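Open the viewer and follow along topic by topic.

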Amino acid sequence: MTRQMPSVEALRRTAQGGLLRVLQALGVRRSDAALEADAQRFWTEPHQGRGSHWQSTARFAEGGLWARIGLRHLGMLRRAARTLDAEPAMARIVEWGCGGGANAVQLAPLAREFVGVDVSPDSLEECARQVAARCETPFRPVLVDVRDPEAALRHVTEPCDVFLCVYVFELIPSPAYGERILRIAHEMLAPGGLALVQIKYDTGSWRTGSRRLSYRFSPGNTTTYPIHAFWELARRCGFEPRYVELLPEDELDERYAYFVMVKLGVG
Ligand SMILES: C[S@@+](CC[C@H](N)C(=O)[O-])C[C@H]1O[C@@H](n2cnc3c(N)ncnc32)[C@H](O)[C@@H]1O
């Protein structure tokens with residue numbers, strides 16, 4: 001049996017990964033501010049959909065994965081409305097980190113307005129194209145800088161019914177940054193509004209903790225939370241978390257937890 005030699009690039013990445021692990025075990029970390037700047041650089045360079053779930057990229061081009069992801073999240077929102085015994089109000093939907101529109105194309109047809117927030121101008125354009133090709137619902141693109149997510153509140157001043165954020169929290173610069181997004185979500189939502197937020201969870205093993213050393217090397221492992229810690233964080237931000245759906249593995253990665261949360265009514 002012949003064995004294929006790993007490519008030079010694969011060897012380089014393995015060596016780099018090993019070195020980063022050692023440095024991390026030694027407690028070497030980048031600061032929150034440095035990681036925010038790294039993330040801003042990573043997402044704003046022209047990327048042709050890299051890491052952003054564009055339908056045209058190799059991973060999504062075949063097998064219906066792109067449609068499946070959006071339909072899965074639509075199904076979760078419908079299930080949440082049934083479970084909470086509420087009419088699914090979807091007049092204004094905000095998606096934080098809308099990427100190439102996999103969720104937007106499924107949800108926008110049900111809404112009167114779809115707001116896509118992202119840090120990548122390329123992805124906002126792609127998302128707008130996809131929504132326009134699917135339905136007449138107006139799409140409002142909101143571009144924010146990673147370092148100033150609160151700026152979105154100046155653009156979205158009307159109350160929203162649904163706040164969706166999936167495949168994004170693992171990419172944010174730090175667990176503390178997640179609190180900023182949850183507070184923004186809380187402010188954007190109408191009383192009684194529904195948030196569906198996905199995180200990558202930390203099981204307590206070293207491998208699954210937040211990696212705070214090289215954003216570019218492994219963006220999708222930058223931020224993780226123990227499930228109970230995120231539940232408490234959501235409560236601190238004014239949400240009432242109702243339940244969590246776990247997806248220990250999906251087509252893209254592993255350890256996903258979806259929090260279904262409500263902004264409490266008056267007061
Ligand atoms: C993996 S894609 C997910 C796209 C979409 N949510 C989906 O499920 O297909 C991640 C998206 O989050 C965006 N993003 C990364 N960091 C962000 C941040 N701090 N705030 C908002 N969006 C961010 C990226 O530009 C990218 O479009």
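Let's begin with a charge over a ring: Arg 50 lies over the face of Phe 42, with 3.9 Å to the ring centre. Please keep in mind that this is a predicted model.

**Aromatic rings**

- Across the whole structure, a search turns up 10 aromatic pairs.
- One of them joins Phe 42 and Trp 43 in an edge-to-face arrangement, with 4.8 Å from centre to centre and 80° between the planes.
- The planes of Phe 42 and Trp 43 stand at 80°, and this counts as edge-to-face because the angle is over 60 degrees.
- Phe 42 and Trp 43 are both buried, and Phe 42 is also the ring that has Arg 50 over its face.
- Elsewhere, a single aromatic cluster brings together Phe 169, Tyr 225, Phe 230, Trp 231 and Phe 259.

- Leu 19, Val 22, Leu 23, Leu 26 and Val 28 make a nonpolar surface patch of about 440 Å².
- Leu 19 has a relative accessible area of 52%, so it counts as exposed.

**Cysteines**

- How many disulfides does the count come to? The count is zero disulfides.
- Cys 127 takes part in no disulfide, and its nearest cysteine sulfur, in Cys 98, is 3.8 Å away.
- Cys 127 is buried, with a relative accessible area of 0%.
- For Cys 237, the closest cysteine sulfur is that of Cys 165, and at 13 Å it is too far for a bond.
- Cys 237 is buried as well, with a relative accessible area of 4%.

**Salt bridges**

- The structure contains 23 salt bridges.
- One of them is between the side chains of Glu 45 and Arg 216, at 3.0 Å from N to O.
- Glu 45 sits in the loop between helix H2 (32–44) and helix H3 (58–61), while Arg 216 sits in the loop between strand S5 (189–200) and helix H9 (227–236), so this pair ties together parts that are 171 residues apart in sequence.
- Both partners are partly exposed: Glu 45 has a relative accessible area of 27%, and Arg 216 has 45%.
- Arg 242 and Glu 240 form another salt bridge, with their closest N and O atoms 2.7 Å apart.
- In that pair, Arg 242 is partly exposed at 36% relative accessible area, and Glu 240 is partly exposed at 29%.
- Which side chain meets Arg 255 in a salt bridge? Glu 254 does, at 3.2 Å from N to O.
- Arg 255 has 6% relative accessibility and therefore counts as buried, whereas Glu 254 is partly exposed at 23%.
- Salt bridges with shared partners also link Arg 92, Glu 113, Arg 140 and Glu 158 into one network.

**A loop residue and its distant partner in sequence**

- Arg 112 is located in the loop between helix H5 (104–107) and strand S2 (113–118).
- Arg 112 counts as exposed because its relative accessibility is 66%.
- Although Arg 112 and Phe 139 are 27 residues apart along the chain, their C-alpha atoms are separated by 9.3 Å.

**Backbone angles to check**

- Most residues other than glycine have a negative phi.
- His 53 has a positive phi, near 60°, and its place is in the loop between H2 and H3.
- Is His 53 buried or exposed? His 53 is buried, since its relative accessible area is 19% and the limit for buried is under 20%.
- Tyr 167 also has a positive phi near 60°, and it lies in the loop between strand S4 (160–165) and helix H8 (175–188).
- With 9% relative accessibility, Tyr 167 counts as buried.

How values were computed. Residues numbered from 1 in each chain as written. Predicted model: local features only at pLDDT ≥ 70, side-chain atom pairs only at ≥ 80, totals over all residues. Heavy atoms only, no water. Phe/Tyr/Trp six-rings, centres within 6.5 Å; stacked < 30°, edge-to-face > 60°. Buried < 20%, exposed > 50% of the residue type's maximum accessible area, 1.4 Å probe, protein only. Lys NZ or Arg CZ within 6 Å of the ring centre and 35° of its normal. Patch = residues over 30% accessible without salt bridge, like charges linked within 9 Å, V, L, I, M, F, W, Y side chains within 5 Å. Areas by Shrake-Rupley, 256 points an atom, 1.4 Å probe, with all protein chains shown as cover. Salt bridge = Lys/Arg side-chain N within 4 Å of Asp/Glu carboxyl O. Disulfide = S-S within 2.5 Å. Helix = DSSP H or I, 4+ residues; strand = E, 2+ residues; numbered from the N terminus.
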